[in-house]
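The entries follow the order of my reading.

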Amino acid sequence: MKALLLIDIQNGFCHGGHLPVPDGDDVVPVANSLIDSGNYDLVVASQDWHPAGHGSFASAHPGKKPFEMGMLSGKPQMMWPDHCVQGTHDAELHPALHVDGIDFIQQKGQNSAVDSYSAFRDNDQAALTGLAAQLRSEGITELDLCGLATDYCVKFSALDAVEMLPGVTVRFIEDGSRGIDPAGVQAAIAEMRTRGVAVITSEQALA
Ligand code: VGL
Ligand code: ZN
C-alpha cells in the first residue's frame, strides 16, 4: 500500500504568499502528476494552520524581526512572518493543486505555544497529529513525500515518518520540493539520507 504525502502546498509558501519559498509554485505541476498517476492508494496533503498571533510569528514578539531567532515556550524558535492563518487565503491549498485527488487533509500548527513543522507531531515531539496512526491503520508500507519547504516541514515530516512508521519505506521526491535556504536544503537532504530516507525524482516515483 502506497501513500503520497504533499507537504504545505499552500498560497502562503508560493508566489504572493506571506512566507514565499523561492520557486514554490514549481512543485504544483509535479504534485499534480503524482496525484493523477494512480500510483498511490492514499493521497494526503498537510496544511499549516496557525491561529492569528501564533508564537512562531515575529509579530508576536515585540522587537523581533522575521527570520531572526527568538524564543518560544523557553526554546529557540525561528521568527517567521505571519503566515497561513486559519481561514485566510494564505492558508488555502494552492488553487492549481488537483485537490479532487486528495483523500485527506492533515492540519497542523494550531497550538500557539509550539511550532509544528512535521505533519506527524509538534516540534517538541509531544502532541501527535494522528497521521502516523492513520497511515498505520491503512496498512501503508511505502510513503513518498514532497512539497514545501524542503529545509523545514518536508524534512521534519520525512524524519518523523522514518521514526514513527518503522518498516515503511520513506522516499523524498526532490524535484517536487523547494526550500527556503539553499544551504539548508543541502543539509536537509544530507540529513534525510543519513536517517534512511531515499532521495528520488518524480520520474522514479512514477516508474
Ligand atoms: C513551514 C516555516 C514555518 C513549512 C511552515 O511549511 O516548511 N516553514 N511554517
Ligand atoms: Zn508555519
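I began with a definition: a polar contact is a pair of N or O atoms within 3.5 Å. The model I am reading is predicted.

Entry on polar contacts. I looked up His83 and found an N or O atom of its side chain 3.1 Å from a nitrogen atom of ligand 1. I then turned to Asp48, where a polar side-chain atom lies 3.1 Å from a nitrogen atom of ligand 1. For Asp8, I noted a distance of 2.7 Å between an N or O atom of the side chain and an oxygen atom of ligand 1. Taken alone, ligand 1 exposes 260 Å², and I recorded that the protein buries 100% of that area.

Entry on the surroundings. I asked which residues lie around ligand 1. I listed Asp8, Phe13, Leu19, Asp48, Trp80, His83, Tyr117, Leu148, Ala149, Tyr152 and Cys153. By class, I found this shell to hold eight nonpolar residues, one polar and two charged. I also noted that ligand 1 takes up the space of the largest cavity.

Entry on the metal. I next asked which protein atoms are donors to the zinc ion (ligand 2). They are OD of Asp48, NE2 of His50 and NE2 of His83, at 2.1 to 2.2 Å from the ion. I recorded the spacing of these donor residues in sequence as D-x1-H-x32-H. The zinc ion (ligand 2) has four donor atoms, and I found angles of 88 to 170° among them.

Note on methods: Residues numbered from 1 in each chain as written. Chains lettered and ligands numbered in written order. Predicted model: local features only at pLDDT ≥ 70, side-chain atom pairs only at ≥ 80, totals over all residues. Heavy atoms only, no water. Near = heavy atom within 4 Å. Polar contact = N/O pair within 3.5 Å; in protein donor to acceptor, adjacent residues only side chain to side chain. Areas by Shrake-Rupley, 256 points an atom, 1.4 Å probe, with all protein chains shown as cover. 1 Å grid on protein atoms, 1.4 Å probe; cavity = no way out; pocket = protein on both sides within 12 Å on 5 of 7 lines; lining within 4 Å. Sits in = over half its atoms within 2 Å of the grid points. Nonpolar A, V, L, I, M, F, W, Y, C, P; charged D, E, K, R; others polar. Donors = N, O, S within 2.8 Å, 3.2 Å for Na, K, Ca; no water. Tetrahedral: all angles 85-135°; square planar, octahedral: opposite > 155°, others 65-115°.
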